[in-house]
Every structure is written in C-alpha cells, then in structure tokens.
Amino acid sequence: MDLILVLPIALPLAAAALTLLVRGSRWAQRAISLVTCTTILVLAIFILLAADAQGAVVTQVGGWSAPFGITLIADRFGAIMLLISTIMILIVLIYALGQLDDEREFLLHFHPVYLVLSAGVSASFLTGDLFNLFVAFEVMLIASYVLITLGAGKGQIRSGMTYVVINLLASTMFVAAVALIYAATGTVNMAQLALRIAELPEGLRLALGYLLLVVFGVKAGIFPLFFWLPDSYPTAPAPITALFAGLLTKVGVYTLIRTQTLMFPHDGAPSIVILVIAGLTMLVGVLGAIAQNDIKRILSFHIVSQIGYMIFGLGLFTLAGLAAAVYYIVHHIVVKTSLFLIGGLVETATGTGALRRLGGVARRAPVLGLLFLTAAFSLAGLPPFSGFVAKLALVQEGLNLRHGGIVAVSLVVSLLTLFSMTKIWGGAFWGPPEQSGDRVRDDHGVVKLRLNPLMLGSTIALVGLSVVISVAAAPLYQLSERAARTLVEREPYIEAVLGPAEAEVVQQ
Amino acid sequence: MSLTLALVVAVLFAVGTYLLLQRTLTRVIFGIAVMSHGANLLLQLAGGRAGDPPVVGDDGAARIVGQSGGAGFVDPLPQALALTAIVIAFGLTSYLLAMAYRSWVLNDSDEVEDDVEDRRIARSRERDTAPEEAR
C-alpha cells in the first residue's frame, strides 16, 4: 500500500474544503493554496523518481486487489505528466495571485475551485481504471466550467456555454463507450482491458478504439473536433486561459496516448488514420492562427496545430515516435503556458490584446519582448530552443518510417507558426509606442509599462524552465525514451497492476 | 440484452441529438439530459440480463451473495457506475440551467448567440454586398 499516489488527489480536495472554511481570511486562503500546490509538486518529484526506478508505482485503493478494486498507477509517462502539471499549477497560481481582482479571487471562490481542478488533473494522470478516468475528467471539467465563467460576463457566458455543452456531449459519449467496453469485456480495469480487448473480434476492437479516439479527440481538440477551443479559451482571465491551454487539452492527449498504446496497440505499424488527422490538425490550426488579429486568439489556434505534432508522434506507434511525443508534450505545456502568461501581461499592462491597438511593447517593457521572443522561437522550433529538439526527433522518426507527406506538412506548419509569431511581434512589440496604460516616462520620453512583480516573476520562471528543457535535452529525452519503452512494451504496466502471471500472456 | 431496452437507448440518443441541434438553450439542456439518460441505460444494459431481486429471490427465500452461489444475481458493478454517472449528470444539468438563466438575464433571449468569428464573417459579407453608393 503506497500512500504517495493517493496524496496528489486527496490533498488538494481536503485543501479545497479548508479554503472554504476559512473564506473570511484572504491570507489564509492564499497560504493554503500555495502550501498545497508546493506539496503536491514535491510529491510528484518523489513519484517520478520511484516510477523511473521501478518502471511503475501502483496502489490498490482500499487494499482490494487489482481487477476488483480501484487501481492508481504511475508509470514513467504518467509520472512525467504529473510532475509537469503540478509545476504549471504552482506557477500559474502565483501569477493568478498577482492578476485576479479581489472579487474574482475571493468572492467567487477562485481558490477552492482551482484546488479541485488540480485534484482532477492529478487523478486523470494517476488512475488505472477507465471509469475512474471518467470521474477524474468530470472533476477536472466541472472545476474548469466554473473557472471559465468566473465573473459571468456576457462574453464568458456565451463562450462558456459552448464549452460546457461540447464537453458534456463528449462525456456522455465516454459513458456510452465505457458501457460498450464493459459489455464486451466485463471489466473497466485498464490493465485487464489490455489483455481482454486483444481477444475481441477485429471489427469490434476497431469500433471501440475509434469511439475512444473521438471522445478524447474532443477533449484534446484534434481535427475536426476542435471548433469549440479557439472560441472558448480566450474569454477567461489570462492565468486561467494559460492553465487550460497548457494543461487541459494535454490531459486529453495523455489519455489518447494511454488508451491507444495500452488497449489498442498496432504492433509497431503506424496508424494512417491518426497520421492523416495529425496532418490536418496541424495545418488547419496554423491557418486559423494566421487569420486572427488578437494575441489570445492567435495563441488559441496554435494549441490546435501543436496538438497535431503530438498526435503525429502517437500515430507512428514506434518507440522513437512516442518518445518524441512525450518530450513534445512536456516542451509544449511549458512554452504554451508561458506564451499565454506573456499575452496576459501585455493585456493587463496596456488594457487590450487586439494587435491593431497595440504597439511598441518591446520599447516600453524590454523584458517582455525578450520573454516573448524566447517562447515564440521555441514554439516555432528554432534551434537551440526546446521546440527544435522535439520537432527534430519527430521529423527524424517520420523520415525513418518513410512518411514523407506528414513530415513535409509538419515542416511547412513550423514555418507558418513562425510567421504568425512575427505577426504578434510586429503588431504588439514593434512599431510606435501606443500612449495607453500607466504613464511613467523614461529619459527618452517613452512611456514605460508597469508590470506586476508576481506576474512577471512567475512568467520569467516559466520561460527559464523552457530554456532548462532545451539545455537538459539529453537526460530529458532519455527519460522520455524510457517512458515510451514502457508504453510500447505494455508488459511492465500490466505486471505492476495484475502481477507477473497475467503479464506473461503479453510477452508471448 | 433486451431488445426493448436497446431500442429505448437508441430512441433516447436520437431525441437527444435532435434537441442538441436546436437553437434554444433550454432545448439544448433537455437534449443533454435525455442523452445522458440514454448513456446510463446503456450502462445498465452492459451488466447483462436481469437477475434475481437482491435480498429475496423469486421463490421468496432469503438470499445472501455467495451463499446461493450468486449465479442468478445481476452484475452490480454497472449499477454502481450508472449511479455515479447519474449524480454527475444531475449536477451538471443544474449548472447548465444556471448558466442558461444568466444568459437570459444578460441577453433577454434564450437563443445561442453567434460566436465572434461568425459575427465577423457576417459583417464583412454585409460590407461586400452593400450597394456602391452606401459605402
């Protein structure tokens, strides 16, 4: 019985209840949130170390053995995702403390909801049970419904409605998928499903596999199921959009990779369907981004196109392809979140995110210009930034397997990504300084922007982290490779949950 | 699996889909509710054919799981799963209703609004098709 896997889920939930109890005291609420988020970050580090040493850490909740009880499991991939998500949750929390006004932060209960969200995210990464995955998704999504409509303004209600309805539809389909899978196999334990789905007839297996692909595809925002995403994300306050952009769609990608590799393995053969979807997702996302004129909307469309790269890695279904996908997800979460945080800083300081009304931010706040350039180059995949390593790995593996088409698409999309980033750069950071915002002139008569230290500090920390990811690319990539190996082999995962006897079936 | 129940599931999903495609928010919410009923019923069906009543069997004799071999009992797991799913759907339906009410308070109408992109495209089309002298 390993309690460490229970804590990242139980602690935030308990803390959420506690923040409601002390809702009169603002400092107590802030302190509880900060301490909890830091604690789960430390726990996540220990879980990753243990998972990397043993292959997978397992807890059978309540002591009920595997197929009967609820299984919590952290293999290397899950532990990596848990660590990177807890880092994001802590950094975005600090940013939010600097940005949110008092009404949103305290009267509307930002802290409890935020903690519930983090519990849901952790549970999604740690669960080894298909139905529990549904519950974890719902915990996370319910919290996100509240956060996206925080303040209940006109635009937020309009876009929030789309977001809630589309996610509910996907969840209903998820329940239907669980029902069909249970009817076919008699279990919802993912390790046992891996064994039993293999025995099903080919047609049924394909149908179940594609049903789950659609369900998680909606959550991840792949083509053609992404239409809700660029419309609903930009209306929320900056830190919330940043967290959603960095984390929530990636939880969808994580479950997509988890279910497809564990339950519907392709025996090393690439899946053409997934590769085609990947190519279209990249292309349509980036073309959408080019057509936009608002920082947050451009960045939102980029989420879609970036998801394509991760699905590309999954579609190859090889060790190197999955390793690249894992590395890509880590890089993307950090870079995307930091871009949204920078966008939020520009918006808060100048009062607008519309490129038409912005200008000269690079002169008014040079540090923002530097941060944006680092993150934007990394997103586009320019060497030596982290995006380059991730894309290089994907392109190499794509060429090895002779999938020239998708490789060409991914390279063109990289160029277009760079183009749309220069659009933000040209519109917001260059040009004559707009004389809006706080008026503090320097020696040259340029109006300096006033930046909140908490927001700026957390953004710098995040961009710093993306630099670390590119500097420490070698050990990180080796870790991704080990994670991908457990994904491809499947046996360590099944053995950890069900014991060595069952796992031998897979080996043969 | 009972054919009647399978047909009911199909009808619930069809009605739910139809309602979801409507423009009025209340109908959309009803659509979600009906559809989640369909999913929950499907979950029930996944448990296999109906079994004996839980505590007392058809013959009136008291039964305890394990004692009677448990062969005639219905699979309890899908029922537990459906219960969880029902609670979640219930909570979310009430949240949706609250949002629809807020939308009605703000807009005085119960219709789904056009999103930003739709409005932009509609505006640019109006501009393009407007007569020359009006520009």
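In this predicted model, the radius of gyration of chain A is 22 Å, which agrees with the value near 23 Å that a compact globule of 508 residues would have. Taken along the principal axes, the box filled by the C-alpha atoms of chain A is roughly 75 × 55 × 40 Å. Of the 508 residues of chain A, 60% count as buried, and of the contacts in chain A between residues at least 6 apart in sequence, 78% join residues at least 24 apart. The secondary structure of this chain consists of 22 helices and four strands.

Chain B, with 135 residues, has 24% of them counted as buried. Its secondary structure comes to four helices and zero strands, so that its elements, read from the N terminus on, follow the order α-α-α-α. For contacts in chain B with a separation of 6 or more, residues 24 or more positions apart account for 61%.

Two packed helices are described by the angle between their axes and the distance between the axes.

| Helix pair | Angle | Axis distance |
|---|---|---|
| α11(A) (residues 238-263) and α14(A) (residues 319-350) | about 165° | 7 Å |
| α13(A) (residues 295-316) and α17(A) (residues 386-400) | roughly 35° | within 10 Å |

At an angle of about 165°, α11(A) and α14(A) are therefore roughly antiparallel to each other, and their crossing is right-handed. On the side of α11(A), the residues that meet α14(A) include Ala238(A), Leu243(A), Leu247(A), Lys250(A), Val253(A) and Ile257(A), while those of α14(A) include Leu322(A), Ile329(A), Ile333(A), Lys336(A), Phe340(A) and Glu347(A). Divided by class, this contact of α11(A) with α14(A) has 14 nonpolar, seven polar and three charged residues.

The crossing of α13(A) and α17(A), by contrast, is left-handed. Here Tyr309(A), Phe312(A), Gly313(A) and Leu316(A) of α13(A) make the contact with Leu394(A), Glu397(A) and Gly398(A) of α17(A). By class, four nonpolar, two polar and one charged residues take part in the contact of α13(A) with α17(A).

**An enclosed helix**

Helix α8(A), which covers residues 190-197, has six of its eight residues buried, so it is largely enclosed by the rest of the structure. The buried residues of α8(A) are Met190(A), Ala191(A), Gln192(A), Leu193(A), Ala194(A) and Ile197(A). Among the elements of chain A that cover these buried residues are α6, α7, α9 (202-220), α11 and α21 (491-498); α11(A), as described above, also packs with α14(A).

**The contact between the chains**

How many residues does each chain bring to the contact between chain A and chain B? Chain A contributes 24 residues and chain B contributes 27 residues. On the side of chain A that touches chain B, α6 (130-148) and α7 (154-185) each supply at least two residues, and α7(A) gives the most, with 16 residues. By class, the residues on this side of chain A divide into 16 nonpolar, four polar and four charged.

Terms used
Residues numbered from 1 in each chain as written. Chains lettered and ligands numbered in written order. Predicted model: local features only at pLDDT ≥ 70, side-chain atom pairs only at ≥ 80, totals over all residues. Rg over C-alpha atoms; globule rule 2.2 N^0.38 Å. Buried ≥ 20, exposed ≤ 12 C-beta atoms within 10 Å, placed from the backbone. Contact = placed C-beta atoms within 7 Å. Axes fitted to C-alpha atoms, helices over the stretch in contact; angles between N-to-C directions. Parallel < 35°, antiparallel > 145°, perpendicular 65-115°, else oblique. Left-handed = near helix turned anticlockwise from the far one by under 90°. Nonpolar A, V, L, I, M, F, W, Y, C, P; charged D, E, K, R; others polar.
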